[in-house]
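Thanks for coming, everyone. I have a short tour for you today. Please look at the screen.

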Amino acid sequence: MKEYIERAESKWLHTYNRYQVVFDHGNGVYLYDTDGKKYLDFCSGIAVNALGYGDQELEQELVEALSDQIGKLTHISNYYYNVPAIEAAEKLTKAAGLERVFFTNSGAEAVEGLIKTARKYAYLKDGSTDHEIIAMEHSFHGRTFGALSVTGNPHYREAFEPMIGNIRFARMNDIDSVMELVNDKTCAILLETVQGEGGIHPATEDFLKKLRALCDERDILLMLDEIQCGMGRTGRMFAWQRYGVKPDAMSVAKALGCGVPVGAFLMSEKLASASLVAGDHGTTYGGNPLVCRAVSKVLDIFEKRDIAGHAEKVGGYLADKLDGIAEKHSDIVDRRGIGLMQGLEFTHPVGDIINRCLENGLVLINAGTNIIRFMPPLVITEADVDEMCRILEEAL
Ligand SMILES: *Cc1c(COP(=O)(O)O)cnc(C)c1O
């Protein structure tokens, strides 16, 4: 692997400090590096590879669908219709209970779509262009300028200022901090239902319900970023479905294609009919037949196998086990999360622990410097959780 890593570092733009491993293939919930070493995967490509890898029965269905589609048609312009995108749209809107969808190439691009939708909606109402969006501190929405502008981490933004204007930051789960910022120019409130990169912070039900009431009262759009916490990870298809609070629009990506690069933003019929129109937005690749065939098949598998229900069950087991570990170690200050999206917060940086786990055949990822994130493929079993805990405890 050393030689591959040297070659990579001599050519790739150095925008990541990478773990010193070159992955070659996957099988079930295991990854293998180019030297043949096996790793239990509790990262799933950051919440992307929800169905695991390779020769598992589940993944095989997806592989077959994609192979078939590659042989037929991978791309056609959005100036034409294609059947996989129609089917994917029908299934995704049904799962979300939101009537309209636009397919994108990434999560960031889906967030861009939300921002444009919010601004257009407000513009159509009063003709002015000075509307504000309220986002949350410690949020993460992506690296493009719009998405970065609503990302509540000054460190990611600073060198790239100026951002897009009129973004205000409130505190997650602090309705007063939102009330302080709301005014007649506020067009949308945007948040992750469960903050991922920011350290696994779920929105409370009370906070979401108060946001919904506030948005209804003042004709503000409630927009939820479900890119990381969506697609079954929290035990529901979308995390907000746990709370009985429905957004006006949401972004999805990561596990949507289970490894094929695809995102989407969805909205209610009401919002769709009062925002973007022909000519307002577009993409070359977004919604092409190849990625939409993946979306369509992924949604079939999720439904047929009740992947979200499985995540709920195994997620509860994972949370209990992590609570047990936290009790034994005084440097663990908190265990947070829902379903198979969990975090352990330490009093110190966790890089060394993650590296030791990697050496011992376990892939984990951090969220911030002090938090270990647990985001396995959703098909993980309780025995896999036990194995993960054994390796983690050894590293601790
Ligand atoms: C990963 C992520 C994004 C950005 O998605 P990309 O596909 O990397 O652009 C946006 N929002 C959340 C919550 C994410 O976790």
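Start with K254 and the ligand. A polar side-chain atom of K254 sits 2.6 Å from an oxygen atom of the ligand. That is a polar contact, meaning a pair of N or O atoms within 3.5 Å; within protein, one must be able to donate a hydrogen and the other to accept it, and residues adjacent in sequence count only if both atoms are side-chain atoms. Overall, the protein covers 81% of the 380 Å² of accessible area that the ligand has on its own. Accessible areas here come from the Shrake-Rupley method with a 1.4 Å probe, and for residues only the protein chains shown count as cover.

A word on the source. This is a predicted model, where local features need pLDDT of at least 70, side-chain atom pairs count only at pLDDT 80 or more, and totals for chains, interfaces and linings use all residues. Residues are numbered from 1 along each chain as its sequence is written, and side-chain values use heavy atoms, with hydrogens and water left out.

Back to the ligand. Q228 also takes part: one of its polar side-chain atoms is 2.7 Å from an oxygen atom of the ligand. F140 uses its backbone, with a polar atom there 3.3 Å from a nitrogen atom of the ligand. Which residues surround the ligand? They are S106, G107, A108, F140, H141, G142, E192, D225, I227, Q228 and K254. Near means that one heavy atom of the residue lies within 4 Å of the molecule. This shell has three nonpolar, five polar and three charged residues.

Now the backbone around K254. K254 is in the loop between strand 11 (249-252) and strand 12 (263-267). Helices (H or I, at least four residues) and strands (E, at least two) are DSSP runs, numbered from the N terminus. The phi of K254 is near 35°, a positive value in a residue other than glycine. C258 is in the loop between strand 11 and strand 12 too. Its phi is positive as well, near 45°. Most residues other than glycine have a negative phi, and most peptide bonds are trans. C258 is buried, at 7% relative accessibility. Buried means under 20% relative accessible area, exposed over 50%, and partly exposed in between (1.4 Å probe, protein chains only).

One more backbone feature. The peptide bond joining E161 and P162 is cis, with omega about 0°. P162 falls in the loop between helix 7 (154-157) and strand 6 (167-170).

Next, two side chains. Is Q195 buried or exposed? Q195 is buried, with a relative accessible area of 2%. It lies in strand 8 (residues 194-195). The Q195 side chain reaches the backbone oxygen of E137 at 3.1 Å. K125, in helix 5 (residues 107-126), is partly exposed at 46%. Its side chain makes a polar contact with the side chain of D219, at 2.8 Å. K125 and A274 are 149 residues apart along the chain, yet their C-alpha atoms are separated by 8.7 Å.

Four strands form an open sheet in the order 13-14-17-16, with antiparallel pairing. Strand 13 (332-338) and strand 16 (365-366) stand at the edges with a single partner strand each, so one side of each has no neighbour in the sheet. Pairing requires at least two DSSP bridges between two strands. Six bridges join strand 13 to strand 14, and R335 stands opposite L344 there. In their hairpin, which has two residues between the strands, G339 takes a positive phi near 60°. Strand 14 (residues 341-346) is mostly covered, with five of its six residues buried. Four bridges join strand 14 to strand 17, where E345 stands opposite I371. Strand 16 and strand 17 (residues 371-374) pair over two bridges.

Last, helix 12 (residues 307-328). Its 22 residues reach 31 Å from first C-alpha to last, close to the 32 Å expected at 1.5 Å a residue. The expected span is 1.5 Å times one less than the number of residues. Its buried residues include I307, A311, L318 and L322.

Methods
Ala, Val, Leu, Ile, Met, Phe, Trp, Tyr, Cys and Pro count as nonpolar, Asp, Glu, Lys and Arg as charged, and the others, Gly among them, as polar.
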